[in-house]
Amino acid sequence: MKFYDREKELEALEKSFNLIKRRSSLVIITGRRRIGKTRLVREFFSRKNIPYLDFFVSVKEESLLLEDFQEEISEKLGYSPKFENFEDFLSFLFKTQDKIPIFFDEFQNFLKINPSIIYDLQKFWDKYKEEKRFFIVLSGSYIGMMKKVFLLRKSPLYGRSDLYIDLKPLKPNVVFQMLDDLGIKDFEEKIKFYGVFGGVPKYYEYLELFNEKTFFSFLEEMLRFSSILQSEGEALLIEEFGRAHKIYFSILEAIANSRNTLVEIANAISQKPTTITKYLKALEEYFNLISREKPLLEKKSKKSRYIINDYFLNFWFTFIRKNQNLVETENYDALIRKIENGFPNYFGRIFERVVRDILVELNQRGVLEFDEIGPQWGKSQKGSYEIDLVATKGNKALFIEVKWRDDVNGKKVLEDLMEKAELTKWEGEKEFLIIAKSFKKRAPDATCWDLKDLERLIAAQS
């Protein structure tokens, strides 16, 4: 599959590479598995058309990994000495190889093999970085482990990097273009793909293999003939969480199933709220897997709820992990029926987040103008209310209702939305936006966008 986007990251790598005219440069790249870290680095060196040493740090015995490194060096340089340990290996690189870029992929795996290499790298880097002109790139998939190595103040390599890239998912417009190139032309299908796989490019490569044109046909092929759906959640997370993975998994499963306040999560997993607070904080701040939402229009509110940031993990915890017995018995027909039956209700919530991503992108391109966007909920004398999204700029607020339904009566939705907007006690100017799959009747006093409108707006900005 061709390379998409990442122009800002490539530009940042270019600036860091140009530092070697004056001194050595160290680059750190993190991001969840399959987000495209390795592809980014290889694309950068390919565009520059220069050779580099490419070391993949697989989890194996030190002696076997050193043999892999020797093979890479011999292939690129024509020879390689034999290394007795990692210190010998690094000594060779830093004493002799300052004319060729060096890339370590899945660098955090050194922590499992021999953590001393982290300290050896610090020692050699500090000794030779001014004397020579190295360009070294270190990438890693496990956010927690990479933070442990580079971002904590006590970390041996803290403060050494010139560039730290936390590679994010691709934006909706890029994913939609990718899907278009892969033969998915229907915009509703594109929305479904994005709402499950997000902006993670690796998942879309499987479309080249299975050549399906609808989301559910693709999903069925993936379940039957690829292990990625069945095991991906565990593969992404068990290494991150270690021995505490069971409670982390339980918390994430509760959040995926709409138990998203502190008390609701604690009750769902039979724990006290005080017991799980530290795990929620770690998931939010250390692992970057969840976010805590607050009502947008209530700056001092203590109310909050949690969401899983990653679209795919949210889907995996909702449908795959919950039905692990069907996966293990390979009863895929029953699993697919469960997903199809539960999908409309599930995707109603997800569509709100997809819309938010799209509106943020349209805002960045000037189609809309707002400073903040997020959900709003609360209580009044008339009872509880919830507004899908509110976007604010100055004294203006755009109240947004999102419906994953066809033939929506926009006039009726607007009446309900205006009533809820009054409950927020917002004193500034109010505007209204309704987004649905399609409309039976549009509201004259609100902006109404169906999927065709969204597709046209996105295409106009491409």
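Predicted model: local features only at pLDDT ≥ 70, side-chain atom pairs only at ≥ 80, totals over all residues.
## Aromatic pairs

The count of aromatic pairs comes to 58 here. One of them joins Phe 86 and Phe 110: the ring centres are 5.2 Å apart and the planes stand at 80 degrees, so this pair is edge-to-face. Phe 86 belongs to helix α4 (residues 86–96), while Phe 110 belongs to helix α5 (residues 110–113), so the pair ties together parts that lie 24 residues apart in sequence.

Phe 124 and Tyr 128 give us an aromatic pair with another geometry. Their rings are stacked, with 6.5 Å from centre to centre and 15 degrees between the planes. Planes under 30 degrees apart count as stacked. Both residues sit in helix α6 (residues 116–128), and because they are 4 residues apart there, about one helical turn separates Phe 124 from Tyr 128. Phe 124 is buried, with a relative accessible area of 7%, and Tyr 128 is buried with a relative accessible area of 7% as well.

## Charges over rings

Lys 76 places its charged end over the ring of Tyr 52, at 5.2 Å from the ring's centre. Lys 437 lies over the face of Trp 404, and here the distance to the ring centre is 4.6 Å.

Next, follow helix α18 (residues 332–364), where you will find Glu 361. Glu 361 has a relative accessible area of 6%, so this residue is buried; the cut-off for that is under 20%.

What does the side chain of Glu 361 join through a polar contact of 2.7 Å? The partner is the side chain of Arg 365. Leaving aside residues up to four places away in sequence, Glu 361 also touches Lys 171, Pro 172 and Asn 173.

## The second largest pocket

Finally, some open space. The second largest pocket has a volume of about 560 Å³. Its lining consists of 28 residues, and those nearest the centre of the pocket are Arg 34, Ile 35, Gly 36, Lys 37 and Lys 202.

Helices α2 (37–48) and α10 (201–210) each supply at least two residues of this lining. Helix α2 gives the most, with 5 residues.

Key
Residues numbered from 1 in each chain as written. Heavy atoms only, no water. Phe/Tyr/Trp six-rings, centres within 6.5 Å; stacked < 30°, edge-to-face > 60°. Buried < 20%, exposed > 50% of the residue type's maximum accessible area, 1.4 Å probe, protein only. Lys NZ or Arg CZ within 6 Å of the ring centre and 35° of its normal. Polar contact = N/O pair within 3.5 Å; in protein donor to acceptor, adjacent residues only side chain to side chain. Contact = heavy atoms within 4.5 Å. 1 Å grid on protein atoms, 1.4 Å probe; cavity = no way out; pocket = protein on both sides within 12 Å on 5 of 7 lines; lining within 4 Å. Points joined across faces, edges and corners; volume = space filled by probe spheres on them.
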